[in-house]
Amino acid sequence: MIGRFVLCLGFAVAVAAAPALSGPVPVAATPIPHFALEGSETQFGRLTYLGGLKLASPNAAFQSLSAIRFRPDGQHFIAVADNGTWITGAITRSADGRLSGIRDVTISPMKNRKGVHAGKSAMDSESLAIDGDQLLVGFEGEHRIDRYPLKGFETATAKPGPNFLVPRKELRRNGSFEALAADGKGRVITVTEQSVDADGHLFAAIIEGPDKGIFKVVKTNGFDVTDAVFLPGGDVLLLERRFSLLAGIDMRIRRIDGAAIRPGALVDGPVIMQASGRETHIDNMEGMDLIRRPDGSLSLILVSDDNASPFQSTLMLEFALER
C-alpha cells in the first residue's frame with residue numbers, strides 16, 4: 001500500500017477500518033467506456049482497453065482491494081483487502097463482452113494462525129496467489145506468507161506458508177510482500193514493494209519450485225511493485241505504481257523474462273504500458289490477474305485499492321494483451 005498519511009492534493013492513503021462482518025454485499029457498477037479522460041483511443045502501449053467499471057457499495061466493508069485472483073472460469077474471483085478481509089464474487093458482461101458489473105459479492109474476515117482476526121495492523125493482506133488447491137496470502141506489517149485451503153478459505157485458520165527467504169531485517173514495514181504469483185506448475189514467486197538492497201534493487205524470491213532462492217528486481221523511476229502474474233509462456237508481468245504530491249498517481253506494467261528469474265539474478269524488462277492519473281482513469285492500482293475471456297482470448301483485469309477514502313475509487317479495468 002501507499003504509506004499511511006492523510007489526504008493530500010485529493011489523494012488519500014490507507015485509513016484503518018474494522019473488519020467486515022460475514023455476509024453478502026450489494027455493489028453498484030458504473031461503466032468506464034474509455035480509458036483516456038479525453039478521447040476514445042483504445043491502444044495503450046502493448047495493451048488494448050476493453051472496458052472498465054467504477055465499483056461502489058453502501059456497505060463500508062467493500063473497500064481496500066489489494067489483490068485479486070480469478071478461478072479457471074474467468075468469472076468468479078477471490079480478492080483480499082488490506083484490512084484483512086476476503087472478498088469474493090463474479091464479474092458479469094454485457095452482450096458485447098464488456099465488463100458490466102459484479103455479482104454475488106460476499107465479505108468475510110480472515111483468520112490468522114490462531115484462528116482469529118487480529119486487527120488491521122496484524123492482518124494487512126497485500127498479495128494473493130492460487131497454488132493448486134491452496135491459497136497463499138502475503139502480509140506486511142507482521143511480515144509473513146500464510147496458507148489457506150482453496151475450499152473453505154473463508155472460515156479457515158491460516159497455516160504457515162512457504163519460507164519467504166528474504167532476510168526479515170530487509171523488509172520495510174509498509175513495503176514487503178506486495179506481489180505473489182504462481183505459474184500453475186509448482187513455481188511461486190514473491191516481489192516486495194519497497195524493500196531494497198544497498199544498490200536500490202527490490203528483494204524478491206522464488207519460494208516454491210525446484211530453484212528456490214532470492215533474486216532482485218531493478219527498481220526505476222520511483223515505481224513500486226504492487227502485483228505480479230505469470231503469462232502462459234513463463235514470463236512475468238509486474239504491476240507498478242508511483243505517487244507524488246505534485247505529479248499525482250501513475251501506473252505501469254513491466255514484462256520480465258521468466259527464464260531470467262533464478263537465484264542470484266537481477267532482473268529487469270520492458271515497460272509494456274504506462275498511464276497517468278492526469279490523463280487516464282486510474283487510481284491506486286494494486287491488483288492484477290490474467291483471465292481467459294468467453295471468446296478464448298486472454299486479458300488482464302486490474303483493480304484499485306481505495307484505501308477506504310471518499311476521495312478515491314475502487315476501479316476494475318480490463319485490457320487485452322497484444323498477440
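Five strands, β5, β9 (124–131), β13 (177–182), β17 (224–230) and β22 (285–292), each supply at least two residues to the lining of the largest pocket. In this predicted model, the volume of that pocket is about 680 Å³, and β22 gives the most to its lining, with 4 residues.

**The largest pocket**

- The lining of the largest pocket is made up of 25 residues, and those that lie nearest its centre are A182, D183, F230, D289 and L290.
- Sorted by class, the lining of the largest pocket comprises 15 nonpolar, 7 charged and 3 polar residues.

- Strands of a sheet pair through backbone hydrogen bonds, in either a parallel or an antiparallel manner.
- Strand β5, which also supplies at least two residues of the pocket lining, is joined to β6 by 5 bridges in an antiparallel arrangement, and within this pairing A67 has V80 of β6 as its bridge partner.
- The hairpin formed by β5 and β6 has 5 residues between the two strands, and G74 in its turn has a positive phi of about 70 degrees.
- Strand β6 (residues 76–81) has 5 of its 6 residues buried, so it is largely enclosed by the rest of the structure.
- On to the next strand in the order, β6 and β7 run antiparallel and are joined by 6 bridges, with H76 standing opposite A90 in β7.
- The hairpin of β6 and β7 has 3 residues between its strands, and G84 in the turn has a positive phi of about 80 degrees.
- Strand β7 (residues 85–93) is in turn joined by 8 bridges to β8 (residues 99–109), again with the two strands running antiparallel, and I87 stands opposite I107 in β8.

**Strand β24 and its partners**

- Of the 8 residues of strand β24 (residues 314–321), 7 are buried, so this strand is largely enclosed by the rest of the structure.
- Strand β4 (residues 47–56) runs antiparallel to β24 and is joined to it by 8 bridges; in this pairing L47 stands opposite L321 of β24.
- Strand β23 (residues 298–304) also pairs with β24 in the antiparallel sense, over 5 bridges, and here M316 in β24 is the bridge partner of V303.

**R187, a buried arginine in a loop**

- R187 lies in the loop between β13 and β14 (188–196), and with a relative accessible area of 14% this residue is buried, because the cut-off for that class is under 20%.
- The side chain of R187 reaches two backbone oxygens, that of G258 at 3.5 Å and that of I261 at 2.4 Å.
- Apart from neighbours within four places in sequence, R187 is in contact with A181, A182, I206, E208, G209, D211, F230, G258, I261 and R262. Two of these partners, A182 and F230, are named among the residues that lie nearest the centre of the largest pocket.

**The loop between β12 and β13**

- P162 has its place in the loop between β12 (159–160) and β13, and at 11% relative accessibility it counts as buried.
- Although P162 and R147 are 15 residues apart along the chain, their C-alpha atoms are separated by 8.1 Å.
- Leaving aside neighbours within four places in sequence, P162 is in contact with L136, I145, R147, I207 and E208. E208 is also listed among the contacts of R187.
- L165 is found in the loop between β12 and β13 as well, and at 30% relative accessibility it counts as partly exposed.

- Most residues other than glycine have a negative phi.
- L165, although not a glycine, has a positive phi of about 70 degrees.
- N221 is another residue other than glycine with a positive value, its phi being near 55 degrees; N221 is found in the loop between β16 (213–217) and β17 and is exposed, with a relative accessible area of 57%.

Methods:
Residues are numbered from 1 along each chain as its sequence is written. Side-chain values use heavy atoms; hydrogens and water are left out. Two strands pair if DSSP finds at least two bridges between them. On a 1 Å grid over the protein atoms alone, a cavity is a set of points where a 1.4 Å probe fits but cannot get out, and a pocket is an open set with protein on both sides within 12 Å along at least five of seven lines; lining residues have an atom within 4 Å of a point. Grid points are joined across faces, edges and corners, and a volume is the space filled by probe spheres set on the points. Ala, Val, Leu, Ile, Met, Phe, Trp, Tyr, Cys and Pro count as nonpolar, Asp, Glu, Lys and Arg as charged, and the others, Gly among them, as polar. Buried means under 20% relative accessible area, exposed over 50%, partly exposed in between (1.4 Å probe, protein chains only). A polar contact is a pair of N or O atoms within 3.5 Å; within protein, one must be able to donate a hydrogen and the other to accept it, and residues adjacent in sequence count only if both atoms are side-chain atoms. Contact means heavy atoms within 4.5 Å.
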